[in-house]
Amino acid sequence: MTLEKGEGDNAATNTAKPDAMEDVEAEKMRFINGSEEIYPSVVKIEPSPSKDSSAVHFNGLTKQELMAFADDPVWMRIRSALLLVFWVMWFGMLVTAVLIIALTPGCPEEPAMTWVQKANVYQIFPRSFLDTDNNGIGDIKGVTEKLDYLQSKLGVDALWMNPLFPSDMVDAGYDVINHTAIDERYGTMEDFEGLVKAMHKKGMKLIIDFIPNHTSKKHKWFKESRKGKTNSFANFYVWHPGTGGSVKQPPNNWMSVNGGSAWTFDETRKEYYLHQFHPDQPDLNLRNKEVVAELQKTLMFWMKKGVEAFHLANADYLFESENLDVNEEVVNTAAADKGYKDLRHNLTKYQPETFKMVGEWSKFVQSFESNKIEPYLILETDGDEKVVQKYKEADEQGGIHIKTDSALTKIDGSCLGECVYKLVTNLVSKEVMWPMWMTGNKYSSRVASRMGSQYVNAMNMLLMTMRGTPITYYGEEVGMINLNLTAADTSKFNMFGSSKQLTQQELKYDEARSPMQWSASENAGFTSAQNPWCPIGSNYLTANVQTQQAHGIGVSHVEVYRLLSALRSRPAIRFGTLSPIGAHGSVVAFVRHAYRFKHYLVAINFGPLDATLDFVAAKPDLVQREGRVIVTTSNFRVPGEFEIGTKISLERVFLRPTEGLVVEML
């Protein structure tokens with residue numbers, strides 16, 4: 001596009017004449033776009049009107065005139081009033097903003113919690129979980145294979161693996177032959193590392209057992225220690241020459257937890273060694289700094305492998321009196337044959353050195369520097385709240401703050417109704433250390449056997465809603481039952497090796513260690529071998545994972561467990577206070593509540609009788625008149641009234657035996 005002057009202009013002249021604009025009417029501007037004949041566009045520019053020199057112009061006030069107005073009293077008063085109004089409004093808005101910030105509820109804060117406190121833990125007896133190499137024994141790869149089930153179906157985020165170390169299986173793996181190796185029956189160290197890697201990829205944590213009180217007689221340390229009194233391992237264990245002349249006797253009356261004397265004479269060293277448990281489990285001498293150093297190396301070894309926590313087994317027995325010539329007090333003098341329970345174990349349990357050692361180990365574990373794991377030590381103790389307090393105060397800088405608690409395993413057919421309520425309220429009132437609850441373990445009877453299968457959902461509801469960390473023993477989510485073993489089963493099923501003669505007590509323990517029931521197929525889907533290491537539970541046709549996840553089965557134990565597990569994400573359930581409600585003798589009821597978070601009512605009928613309850617009258621300060629059902633035990637005779645999502649009155653709730661529900665208060 002070009003711009004040209006109109007006719008009569010000299011296009012080549014770039015300099016305008018001084019008087020060129022005097023006659024603008026004669027001027028024309030033409031925009032030419034393409035052919036002039038086709039686009040004869042002409043724009044006419046109108047001139048501005050002539051300036052009239054006689055017109056009056058307003059140029060504003062002078063400085064002197066403005067200052068005269070500024071000093072005028074009227075304007076000064078107006079200006080001062082406006083300034084006062086401005087500052088009053090400004091301060092008013094400031095005070096209002098501060099009050100809004102101070103008085104308006106902000107986002108509620110959750111307390112700092114460790115991953116152990118927030119976890120849903122699943123305990124695995126590896127020998128019985130899943131066999132992938134068809135030798136009849138569960139293995140590490142079997143655990144890896146089932147991680148999806150554990151995490152997505154059950155909501156599990158941490159596994160507690162019972163001993164995987166080489167062992168003679170005298171005590172289900174707690175007789176350790178090598179603290180830093182994997183028993184070849186379970187796989188290889190590469191299999192273990194693969195499990196840890198797979199778990200970390202899913203954000204899951206791994207807990208293993210730490211067994212510092214004793215070892216196996218086949219451990220390298222004991223083999224060397226028994227050779228003589230001068231080698232480097234001589235003082236790794238607790239030895240005593242015994243008393244008497246030619247016929248040696250134990251140095252004192254100490255008894256083994258397993259029965260019999262706590263002392264056994266070793267023919268090689270010609271001295272007695274101490275064992276507070278099985279004779280094949282000699283006690284380590286923890287007053288020997290070399291032993292402590294070796295055990296710390298063990299902890300370091302597994303932390304470097306990615307283990308996040310250690311369950312400290314048999315902590316109460318770590319030290320005994322330094323004076324081995326003193327007898328323990330007999331408390332039951334009427335007993336003809338003195339047993340373990342007939343003595344007061346003031347010389348062999350809860351020694352001052354024990355508390356200090358546990359505190360040092362806890363501090364050592366937590367000092368491990370890693371951006372991948374946050375390790376903790378978990379205490380096992382059967383001491384009362386005074387003993388637990390001593391563990392907690394053992395070390396000012398470190399200490400131990402988490403413990404397993406097997407109190408719920410005591411709930412059985414002889415302890416129902418009011419007995420359960422008293423047990424729960426007693427546990428809550430005496431809480432000293434964060435508890436990790438369990439309803440079953442490798443030494444206790446299964447829930448379905450000691451209480452009846454109708455209580456499986458009720459016990460899982462209690463486990464998941466208590467204040468603390470829940471630990472589920474494998475198979476409890478489907479309602480597995482105990483075996484009924486006989487001595488003949490020892491050789492028939494190659495239980496721990498056919499050459500080993502199991503005692504009646506050992507057989508009793510193994511009744512709760514049967515293979516996991518995965519399906520209704522042969523051997524419950526545990527193994528393809530002809531014979532598993534141990535018999536399969538008799539209820540495997542229905543109490544198995546596959547059947548309980550099938551369409552048409554209804555709301556199974558697994559489904560109820562999954563719903564209960566999901567409750568752990570709710571703040572009041574995860575860390576809130578537990579306030580018991582004594583609404584009825586047969587019913588265990590309590591409120592889980594946390595400031596400015598939703599509150600939950602839990603009610604389970606453990607008694608033999610129906611119960612009509614008014615929770616509002618029983619606990620008016622915590623229970624509201626209405627609530628919404630979020631989980632039930634799914635065994636209600638009139639299910640429509642307690643369907644999930646139903647709004648109910650908490651002034652009138654009717655519960656039959658074994659029925660339970662969790663209600664979110666509105």
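# Close-up views of a predicted model

**Figure 1. The nonpolar cores.** The largest nonpolar core holds 142 residues, and Leu159, Trp361 and Leu462 have the most contacts inside it. Helix α13 (residues 456-465) gives the most to this core, contributing seven residues. Another core lies apart from it and has 22 residues, including Leu613, Phe615, Val653 and Met665. The model is predicted. In the protein as a whole there are 19 helices and 23 strands, and buried residues make up 50% of its 666 residues.

**Figure 2. Surroundings of Leu159.** Leu159 is one of the residues with the most contacts inside the largest nonpolar core. Not counting residues up to four places away in sequence, Leu159 touches Tyr122, Ile124, Val143, Leu147, Leu150, Met199, Met204, Lys205, Leu206 and Ile207. Of the contacts in the protein with a separation of 6 or more, 68% are between residues 24 or more positions apart.

**Figure 3. Helix α13.** This helix is mostly covered, with ten of its ten residues buried. The buried residues are Val456, Asn457, Ala458, Met459, Asn460, Met461, Leu462, Leu463, Met464 and Thr465. Leu462 is also among the residues with the most contacts inside the largest nonpolar core. Met461 is touched by Thr632, a residue of strand β20 (residues 626-632).

Figure 4. The strands are arranged in the order β16-β17-β18-β23-β20-β21, with antiparallel pairing. Because β16 (577-581) and β21 (647-649) each have a single partner strand, they stand at the edges, and one side of each is left without a neighbour in the sheet. Neighbouring strands of this sheet are turned by 35° against each other on average, direction ignored. Helix α13 packs on the sheet and touches β16, β17 (587-593), β18, β20 and β23. The direction of α13 makes about 150° with that of β18.

**Figure 5. Pairing of β18 with β23.** Strand β18 (residues 600-605) and strand β23 (residues 660-665) run antiparallel and are joined by five bridges. Ile604 has Gly660 in β23 as its bridge partner. Gly660 is also touched by Thr632.

**Figure 6. Thr632 in strand β20.** Thr632 belongs to strand β20, which covers residues 626-632. Its relative accessibility is 11%, so Thr632 counts as buried. The side chain of Thr632 reaches the backbone nitrogen of Ser634 at 3.0 Å. Residues touched by Thr632, not counting those up to four places away in sequence, are Met461, Val560, Phe642, Gly660 and Leu661.

**Figure 7. The β7-β8 hairpin.** Strand β7 (residues 263-266) and strand β8 (residues 271-274) run antiparallel, with four bridges joining them. Trp263 stands opposite Leu274 in β8. The two strands form a hairpin with four residues between them. In the turn, Lys270 has a positive phi of about 65°.

**Figure 8. Strand β9 and its parallel partners.** Strand β5 (residues 205-210) is joined to β9 by four bridges, and these strands run parallel. Phe210 stands opposite Leu312 in β9. β9 also pairs with β12 in the parallel sense, over four bridges. The bridge partner of Ala309 in β12 is Tyr376. In a regular strand the side chains alternate between the two faces of the sheet. In β9 (residues 309-312), Ala309 and His311 point one way and Phe310 and Leu312 the other way, and all are buried.

**Figure 9. Glu380 in strand β12.** Glu380 lies in strand β12, which covers residues 376-380. With a relative accessible area of 25%, Glu380 is partly exposed. The side chain of Glu380 makes a polar contact with the side chain of His311 at 3.3 Å. His311 itself is buried in β9. Glu380 touches His311, Leu312, Ala313, Asn314, Ala315, Asp316 and Thr404, not counting residues up to four places away in sequence. Ala315 is 65 residues from Glu380 along the chain, and the C-alpha atoms of the two are separated by 6.1 Å.

**Figure 10. Accessible surface of the protein.** The accessible surface comes to about 32900 Å². Carbon and sulfur atoms account for 53% of this surface.

How values were computed:
Residues are numbered from 1 along each chain as its sequence is written. This is a predicted model: local features need pLDDT of at least 70, side-chain atom pairs count only at pLDDT 80 or more; totals for chains, interfaces and linings use all residues. Side-chain values use heavy atoms; hydrogens and water are left out. Buried means under 20% relative accessible area, exposed over 50%, partly exposed in between (1.4 Å probe, protein chains only). Contact means heavy atoms within 4.5 Å. A polar contact is a pair of N or O atoms within 3.5 Å; within protein, one must be able to donate a hydrogen and the other to accept it, and residues adjacent in sequence count only if both atoms are side-chain atoms. A nonpolar core is a set of buried Ala, Val, Leu, Ile, Met, Phe, Trp, Tyr and Cys residues joined through side-chain atoms within 4.5 Å. Accessible areas come from the Shrake-Rupley method with a 1.4 Å probe; for residues, only the protein chains shown count as cover. Two strands pair if DSSP finds at least two bridges between them. Axes are lines fitted to C-alpha atoms, for helices over the stretch in contact, and angles run from 0 to 180 degrees between N-to-C directions.
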